[in-house]
Amino acid sequence: MAGTVLAVYGKGGIGKSTTSANLSAAFAKKGAKVLQIGCDPKHDSTFPLTGMLQETVIDTLSNVNFHHEEIEPEDVIMTGYAGVDTLESGGPPAGSGCGGYVVGETVKLLHEFGLYDKYDIILFDVLGDVVCGGFSAPLNHADMGLIIACNDFDSIFAANRLCLAISQKSERHKVKLAGIIANRVDYEYGGGTNLLDSFAEKVGSQVISKIPYHDMIRRSRLQGQTMWQMEEGEQRDECTQP
């Protein structure tokens with residue numbers, strides 16, 4: 001029986017990959033079998049889970065002259081922190097091709113492998129605020145769309161376009177907007193989510209989680225670790241201090 005498919009979107013640089021990796025780890029720690037799929041040519045979505053930039057689907061296909069039948073799941077899937085399986089679609093070098101096409105091919109490959117029926121959670125971490133062509137392909141298979149946003153105009157402008165895209169897809173597919181995750185909420189300096197809360201109400205959604213700004217989150221990304229690994233490392237350091 002197929003599990004739940006999530007598609008995570010948001011303005012470029014908003015923290016989708018870091019949030020996605022920590023979500024995947026959280027689901028896995030609750031006992032779910034999880035697959036996270038990075039849909040960005042930079043192929044760094046799964047870096048916090050694996051600590052490395054893994055080989056991509058497009059690289060693997062190139063090695064076999066794009067003969068899909070020669071590819072096995074283990075050729076493109078790694079297992080990272082907490083047992084989360086990871087896959088990166090990859091893409092062409094900047095300015096030399098369509099990254100959306102590669103995402104579409106990855107979605108097809110998942111069908112060929114029969115992976116939609118093998119996981120409790122499949123999480124697509126999708127490039128930036130691009131919702132055209134192949135980058136919208138995950139919405140064709142998703143149960144829920146999640147939007148990552150901050151309490152600022154540019155982020156909310158992108159979120160509005162994404163709400164429209166999800167709404168249009170929901171007319172032909174099962175996907176629904178699950179809600180908005182507020183990222184980098186700076187409580188220390190009086191920041192909040194007033195604009196984001198107001199926007200969510202206007203589009204008939206809600207802010208389902210608020211992630212505070214914390215330097216450990218930034219450092220976790222740089223070190224290729226989830227927040228659990230960072231906390232475990234700090235606990236070890238405390239234990240070894242004289």
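Rings of Phe, Tyr and Trp, the last represented by its six-membered ring, are paired if their centres lie within 6.5 Å. The legends below describe close-up views of a predicted model.

**Figure 1. The aromatic pair of phenylalanine 153 and phenylalanine 157.** A search of the whole structure finds one aromatic pair. The pair is formed by phenylalanine 153 and phenylalanine 157, with 5.9 Å from centre to centre and 35 degrees between the planes. The arrangement is classed as tilted, because planes under 30 degrees apart count as stacked and those over 60 as edge-to-face.

**Figure 2. Setting of the two phenylalanines in helix α6.** Helix α6 comprises residues 153-170. Phenylalanine 153 and phenylalanine 157 are four residues apart in this helix, and about one helical turn therefore separates them. Phenylalanine 153 is exposed, with a relative accessible area of 61%. Phenylalanine 157 has a relative accessible area of 49% and is partly exposed.

**Figure 3. The largest cavity of the model.** The structure holds one cavity of 30 Å³ or more. The space within the largest cavity amounts to about 40 Å³.

**Figure 4. Residues lining the largest cavity.** The lining is made up of Val57, Ile58, Leu61, Phe66, Tyr101, Val102 and Glu105. Helices α3 (57-63) and α5 (99-113) each supply at least two residues of this lining. By class, six lining residues are nonpolar, none is polar and one is charged.

How values were computed: Residues are numbered from 1 along each chain as its sequence is written. This is a predicted model: local features need pLDDT of at least 70, side-chain atom pairs count only at pLDDT 80 or more; totals for chains, interfaces and linings use all residues. Side-chain values use heavy atoms; hydrogens and water are left out. On a 1 Å grid over the protein atoms alone, a cavity is a set of points where a 1.4 Å probe fits but cannot get out, and a pocket is an open set with protein on both sides within 12 Å along at least five of seven lines; lining residues have an atom within 4 Å of a point. Grid points are joined across faces, edges and corners, and a volume is the space filled by probe spheres set on the points. Ala, Val, Leu, Ile, Met, Phe, Trp, Tyr, Cys and Pro count as nonpolar, Asp, Glu, Lys and Arg as charged, and the others, Gly among them, as polar. Buried means under 20% relative accessible area, exposed over 50%, partly exposed in between (1.4 Å probe, protein chains only).
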